[in-house]
Amino acid sequence: MGITVSTTEIPADVDVLNCTLAANTTAGGLCGLPSPAPIPHYLNISKELPLEYARPMYGFITPVFLVVTIVANTLIVVVLSKRHMRTSTNAVLMAMALSDMFTLLFPAPWLFYMYTFGNHYKPLSPVSACFAWTAMNEVLPAMFHTASIWLTLALALQRYIYVCHAPVARTYCSMPRVLKLIGIIFFCAACHQAPRLFDRTYRPLIITWEGNPDVMVCRVDMAYWVTDVLTMDVYFFSYYMFRVLFVHLTPCISLVVLNVLLFKALRQAQDKRDKLLKENRKSECRKLRDSNCTTLMLIVVVAVFLMVEIPLAVVTTLHIISSSVRDFLNYTIVNTLILFTNFFIIISYPINFAIYCGMSRQFRETFRELFLNGGGPSKTRRGQRLNHRPTGGGESSHYTLVNNGPSGQRTCTETAL
């Protein structure tokens with residue numbers, strides 16, 4: 001490749017890179033020629049991910065899961081928003097469904113444009129498009145995914161309180177407190193990702209690309225407050241260390257512990273139910289069965305979540321160690337692993353709908369009422385409404401008191417899902 005000279009008049013705020021750049025090359029290592037001055041980096045989508053995997057996975061398979069996820073999670077929100085389904089547990093499940101849907105919805109237009117329609121090799125411009133690419137493909141999905149992780153932890157912790165510390169459930173797991181917690185989670189996730197919107201600057205840069213002179217691309221530089229105020233090492237170490245500790249490792253470890261504790265409590269509750277059956281206390285046995293089904297369903301939801309999140313947590317942790325202690329990672333392999341882990345996370349989004357339908361009788365009945373029975377309540381639902389009439393003060397009760405054996409001790413279990 002030879003050096004070309006630009007003769008077009010260029011605005012003063014536009015940088016010019018006088019070198020023919022072929023597709024799929026970055027500005028670094030300019031045409032194979034050494035340069036004493038650092039070469040400005042321009043946004044090149046084709047270098048971000050291994051295209052042999054990214055194109056089929058993001059371009060052709062992900063759009064299918066996008067449609068499925070939007071339909072499934074919209075149905076979850078519609079079902080859980082019905083009046084008789086409004087419980088604190090269901091509020092968290094609904095927030096999780098929205099977070100998962102937005103995690104995939106925001107980058108979807110760019111995935112279609114870049115990978116489905118094959119525009120990944122083209123220079124991206126103008127500057128506003130480059131900023132939109134970063135925001136919609138990186139920052140906003142990370143924000144909603146972070147919120148989804150913390151919501152899953154809140155769900156498991158809430159269920160643990162219901163099952164193992166039932167007397168305090170009314171105080172700490174009331175609907176107002178849970179809604180406030182959901183708001184705090186989204187606010188903290190937004191604060192965590194907000195610096196990523198402003199840590200880079202974008203300027204127009206003129207290059208010669210595939211024989212076309214004066215092609216405009218986006219020059220990407222780190223912001224002044226990152227390079228000169230904090231320094232890049234401090235900024236990225238702080239960001240990724242926080243992410244590893246509070247978004248990946250701590251939530252995953254906590255969820256594993258909570259899932260084990262919930263499973264042990266479920267086994268104990270099953271033994272108690274068997275005892276109630278022998279004593280022919282069918283009403284209490286039925287209530288305990290519903291509570292056990294809800295606990296089992298949430299255990300499965302958390303287990304599926306952990307299956308796709310733990311690999312990403314491991315890769316992110318290794319990246320932090322490699323960047324801060326000793327460089328030992330092959331980032332071609334790392335980028336491929338991240339691509340696959342993100343893809344498996346995308347595949348997991350519609351699974352919750354299948355879990356709810358398969359394991360929750362109340363969810364199935366409400367879904368059937370809304371979409372299969374013309375919106376009319378079934379006989380079962382009419383009977384349940386009679387049994388869940390408002391208590392004193394006009395509030396609908398989401399709690400059922402269950403006798404805990406001959407001692408007469410009573411516990412509080414939520415009739416969720």
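Trainee: Is Cys 218 buried or exposed?

Mentor: Buried means under 20% relative accessible area, exposed means over 50%, and partly exposed lies in between, with a 1.4 Å probe and protein chains only. Cys 218 counts as buried because its relative accessibility is 0%. Cys 130 is likewise buried, at 0% relative accessibility. Please keep in mind that this is a predicted model, in which local features need pLDDT of at least 70 and side-chain atom pairs count only at pLDDT 80 or more, while totals for chains, interfaces and linings use all residues. Residues are numbered from 1 along each chain as its sequence is written, and side-chain values use heavy atoms, with hydrogens and water left out.

Trainee: Which residues form a disulfide, and how far apart are their sulfur atoms?

Mentor: A disulfide is a covalent bond between the sulfur atoms of two cysteines. The rule applied here is a pair of cysteine sulfur atoms within 2.5 Å. By this rule the structure has one disulfide. It is formed by Cys 130 and Cys 218, with 1.8 Å between their sulfur atoms. This pair links distant parts of the chain, 88 residues apart: Cys 130 belongs to helix H4 (residues 127–164) and Cys 218 to strand E3 (residues 212–222). Helices (H or I, at least four residues) and strands (E, at least two) are DSSP runs, numbered from the N terminus.

Trainee: Why is the disulfide of Cys 130 and Cys 218 right-handed?

Mentor: The torsion about the S-S bond of Cys 130 and Cys 218 is about 90 degrees, and the disulfide is therefore right-handed.

Trainee: Where does Arg 200 lie, and which parts does its pair with Glu 138 tie together?

Mentor: Arg 200 and Glu 138 meet in a salt bridge at 3.4 Å, N to O. Arg 200 lies in strand E2 (residues 200–209) and Glu 138 in helix H4, so the pair ties together parts that are 62 residues apart in sequence. Arg 200 is buried, with a relative accessible area of 18%.

Trainee: How many residues separate Glu 365 and Arg 361 within their helix?

Mentor: They are four residues apart, about one turn of helix H12 (residues 361–371), in which both lie. Glu 365 is buried at 9% relative accessibility, while Arg 361 is partly exposed at 31%. Elsewhere, salt bridges that share partners join Glu 138, Arg 196, Asp 199 and Arg 200 into one network.

Trainee: What is the span of helix H2, and how does it stand against the expected value?

Mentor: The expected span of a helix is 1.5 Å times one less than its number of residues. Helix H2 (residues 88–105) has 18 residues and reaches 26 Å from its first C-alpha to its last, close to the 26 Å expected. Because 14 of its 18 residues are buried, H2 is largely enclosed by the rest of the structure.

Trainee: Where is Pro 56 placed?

Mentor: Pro 56 is in helix H1 (residues 51–80). Pro 56 is partly exposed, at 35% relative accessibility. From Pro 56 to Tyr 115 the C-alpha distance is 7.8 Å, although 59 residues separate them in sequence.

Note on methods. Salt bridge = Lys/Arg side-chain N within 4 Å of Asp/Glu carboxyl O.
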